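My entries follow in the order I took them.

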Amino acid sequence: MAIRIISEEERLKMEELEKIIRLSKVMPPIENIPIYSFRYYKLPKHRPEKMKKLFPNEARLIVEANADFNLEFVKIVFYHFPKLFKKLGQVTDPRKKGKIKYTSETLLTARIVMSVLSSDSMRNGGSMINNPYVINLLGLLTGQELVSAPHYDTINNYLEKCPSEQLQYIVTEMTESLMEKKIFNAHRADGYILVAADGTKYQDLGDTATDESLRKIHNKGTDEQWQENYCYALEAKVIIGDMVFSLMTEFIENKNESLGDLKAKQDCELKGIKRLLVRLKNRFPKLRLCIICDSLMNCDAFYNQCESLGFKYINRFKGGSIPSIQAKFEELENKPNTVIKTETYVEDAEPKKGSKHSGTKFEYSFANGIEYLGNRINYIKMKASTYKDGEPTGETAKYVFVTNLKVTKENVIARVEQGRARWGIENNGFNGQKCHGLHLEHVFSYKNNAMKCHYFLIQIAHTLIQLFEFGWKPMKIYKQVSDKYWGTVLCEHFRNRMVTPEMFEATISAKFQVRLDMPPAWENVEPKVPKCLKFNHTKKRSKGKAKTNKAKADPKTNTEPKTKEEAKTKEESKDKTNPKAKTESKAKTESKAKA
């Protein structure tokens, strides 16, 4: 943390402020507190929620002022990847040597900083880094004296010729270095690292088509027919709790077909997964991987390839994908002692004395060794149903998975949760990169090679952001006391706080320890209540309350008048029976009119 020398007047003001807080034990109004004074107050480590209720805005400012977000971010980056920026400088530069103003290290670092600062376009990112404080920090990160930041057109022109394969190697090497630190060891499934594989659209090109972009025709055969052009990537990400790290990317693209041939078959995920698995095996020949996929990958070719390469898999299974496997399991269910069943119960909250339990009941049934075209597949079915006051509400959710990992009564809960962990690549991976500051779907360039380079640099930025979010201790408190997105604060600190060379060197050379906010091991995992059940439960409760209120309003009929005429006749009949009610209703209407 940077040390700031304060004047005598400021010191006297702070002493007065301390007396007020000490005597009243309540924060004074925010307008009367100078911003620098927050550096000398710390949030209580216990009960940050209480702090938020008492004075939420002040609690947020205490965290913001007590730490330099930009220096803490640099500390986390250099702790995990001390040679990252040197490796960026080793990327081959295809430009002419005599005309180079900014090195490849500077251009690639500037693009990563743009993503960290949540720029939604190259123009906006260029204006963000064109700041004296950001330029100074860029120079410290790259070890160069910079007078100005590179223009966004300069960055795009370089990325058009930059070898994207070398950036892919850096992304993979970053995740590999985290594996070497044994960060993922506590979260392995029987010694296998969980890797979710799924596809995503990373740039929507609209009407403009490139040589390698995919296409989709909407409203085919009608007057409103139009063609959508987009770029697609199949991503393999390591899953660990709420963190996802990019391991390898396989682009789905049309390489060997003409642009106008609409009948030619396009590249797809089923073709891409074959190439991706081979690349993973060649890159990590001895690494034990468990591939988690959706129901699209349930086919004989995928099962055979995983078995031949020595990979394990857990796939989401739907009835229509392979009907014969489902039929065999249903046959086994009818036979005694063939399908093993177990159940557990998760309570919503501790019940009061005399009241019955409310929560979710999980029923598990599984069978090992179902034969399918020479492969032995293990089938798991989970059914979750909600209970209120000891009675079922009728709301259920079903999940089915197929795997080649052994399933027992002891690990069936872990197997289901490992299969459900695939949603991490959707929620925390693709959705986080598209909707939470990284703008993955934005078209940063129309050149195919530049698109790939932008994609890999966004993956690098996402890895750094996650390690900062889950590795910096004050971030936990900040999330609890503030509704403000922490990325905006990071941007403010980058653009408004100076980092001197002495502060930078002291931050890098300091010895410290980083502990990530890790999930519990699979042996101690508990089943998670599906979000659909949580949503339906709250929705149904609100409807029930509304019905009881209506019934109280009209106990005889228990129905509301459907039309305005019925409502008028109802009110007139009430006024005849009760004259006082008539005068009261008139007084209410007059007061409303005056208001």
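I began with the lining of the largest pocket, sorted by class: twelve residues are nonpolar, five polar and seven charged. Here Ala, Val, Leu, Ile, Met, Phe, Trp, Tyr, Cys and Pro count as nonpolar, Asp, Glu, Lys and Arg as charged, and the others, Gly among them, as polar.

I noted the basis next. This is a predicted model, where local features need pLDDT of at least 70, side-chain atom pairs count only at pLDDT 80 or more, and totals for chains, interfaces and linings use all residues. Residues are numbered from 1 along each chain as its sequence is written, and side-chain values use heavy atoms, with hydrogens and water left out.

I looked up the terms. On a 1 Å grid over the protein atoms alone, a cavity is a set of points where a 1.4 Å probe fits but cannot get out; a pocket is an open set with protein on both sides within 12 Å along at least five of seven lines; lining residues have an atom within 4 Å of a point. A volume is the space filled by probe spheres set on the points, which are joined across faces, edges and corners.

The largest pocket holds about 810 Å³ of space. It has 24 lining residues, and G241, D242, R420, A421 and K528 are the closest to its centre.

I then turned to the cavities. The whole structure has two of 30 Å³ or more. The largest cavity has a volume of about 90 Å³. Its lining includes F73, F85, L141 and F494. By class, that lining has ten nonpolar, one polar and no charged residues.
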